[in-house]
Amino acid sequence: MKLISRLLAFFGGLFASRIISDVSFDQNYYITWGYDHFWTPNQGREVVLSLCYPSGAGFGSKLLYGSGFFYFRFRMKIPVNSAGVVTACYLTSQGHNHHEVDIEFLGNNEGKHIYISANAFTNGIGGRKHRFSLWFDTTADFHTYQILWNHHQIAFHELEEIEASLWNASWATDGGRMQISWSYAPFEARYRGFDVARCSVDKSSDMNQCYASHYWWNEVRFWELDSNQRRRYQNVRRHHMVYDYCSDTHRYPRPPTECQYS
């Protein structure tokens, strides 16, 4: 399972951006919780999630997608002075065997490092986590983040939906020693870019349809990182990684199988 070892490569812009049409939020998404902490300016082309005591907000995709055949793009502007606040995008399955891929931006106070945490759950078991210190200021402007997901990179056999949220996470900053300062509330996370290139499915679908070669993300060139992409990815690991579960010998005396792809 070539999972977390590849995940952050996409955040380094290693894959060419695709032209995504300018669609409104409600074409593909709906609010899932925190209805009074959510609004859509710019004729629905932008979404604002707000966190003030005691609630944040979240939204999810209207459709389910064949796992591993998914491309999404959010542009997020996370709050300043946001210690203890998590802004997240994640893919999550439905059903008894829970699978999930989390991308979490761990807030911090202004002038301190912002960290990104990538974590995966398979069959309800997590712990496969990488954490990076970001080399750009996520609070200064919108940035584009991408995940390309095909069965050569991640092989879950569930139906997946996209969710995003802004929430209170007391553990997120400095090991939980820095709690939310509500004097800076409300905290806001802004999202743009709501189109997706997808293979949509339902519970009765034949999942093999999402392996078809006419979907661009299944092309052979997306099965592996090329030499230039891998070089750039290794550079990010070398200079910005602060935690790698593959190197955590206390937790994993024997590294998980997928660590060979790091």
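A residue counts as buried when its relative accessible area is under 20%, as exposed when that area is over 50%, and as partly exposed in between. The structure you are looking at is a predicted model.

Begin by selecting Glu-188, which has a relative accessible area of 25% and is therefore partly exposed. The side chain of Glu-188 meets that of Arg-190 in a salt bridge, with 3.2 Å from N to O. Which of the two partners is buried, and which is partly exposed? Glu-46 has a relative accessibility of 2%, so Glu-46 counts as buried, whereas Arg-190, at 27%, counts as partly exposed.

The structure holds seven salt bridges, and another of them can be found by selecting Arg-221 and Glu-219, whose side chains meet at 2.6 Å from N to O. Here Arg-221 counts as exposed, at 53% relative accessibility, while Glu-219 is partly exposed, with a relative accessible area of 28%.

Turn next to the backbone, and select Tyr-53 together with Pro-54, where the peptide bond between them is cis, with omega near 5°. Pro-54 is found in the loop between strand 3 (46-51) and strand 4 (57-61). A cis peptide bond also runs from Ala-185 to Pro-186, with omega near 5°, and Pro-186 sits in the loop between strand 11 (159-168) and strand 12 (187-192).

Stay with the loops and select Asn-81, which lies between strand 5 (64-77) and strand 6 (85-93) and has a phi near 45°, a positive value in a residue other than glycine. Asn-81 is buried, with a relative accessible area of 13%. Asn-123, in the loop between strand 8 (115-122) and strand 9 (125-133), has a positive phi as well, near 50°.

For the last stop, select Leu-106, Gly-107, Asn-108, Lys-112, Tyr-115, Arg-131, Ala-172, Thr-173, Asp-174, Gly-175 and Met-178, which line the largest pocket. That pocket has a volume of about 170 Å³, and the residues of its lining divide into four nonpolar, four polar and three charged.

How values were computed:
Residues numbered from 1 in each chain as written. Predicted model: local features only at pLDDT ≥ 70, side-chain atom pairs only at ≥ 80, totals over all residues. Heavy atoms only, no water. Helix = DSSP H or I, 4+ residues; strand = E, 2+ residues; numbered from the N terminus. Buried < 20%, exposed > 50% of the residue type's maximum accessible area, 1.4 Å probe, protein only. 1 Å grid on protein atoms, 1.4 Å probe; cavity = no way out; pocket = protein on both sides within 12 Å on 5 of 7 lines; lining within 4 Å. Points joined across faces, edges and corners; volume = space filled by probe spheres on them. Nonpolar A, V, L, I, M, F, W, Y, C, P; charged D, E, K, R; others polar. Salt bridge = Lys/Arg side-chain N within 4 Å of Asp/Glu carboxyl O.
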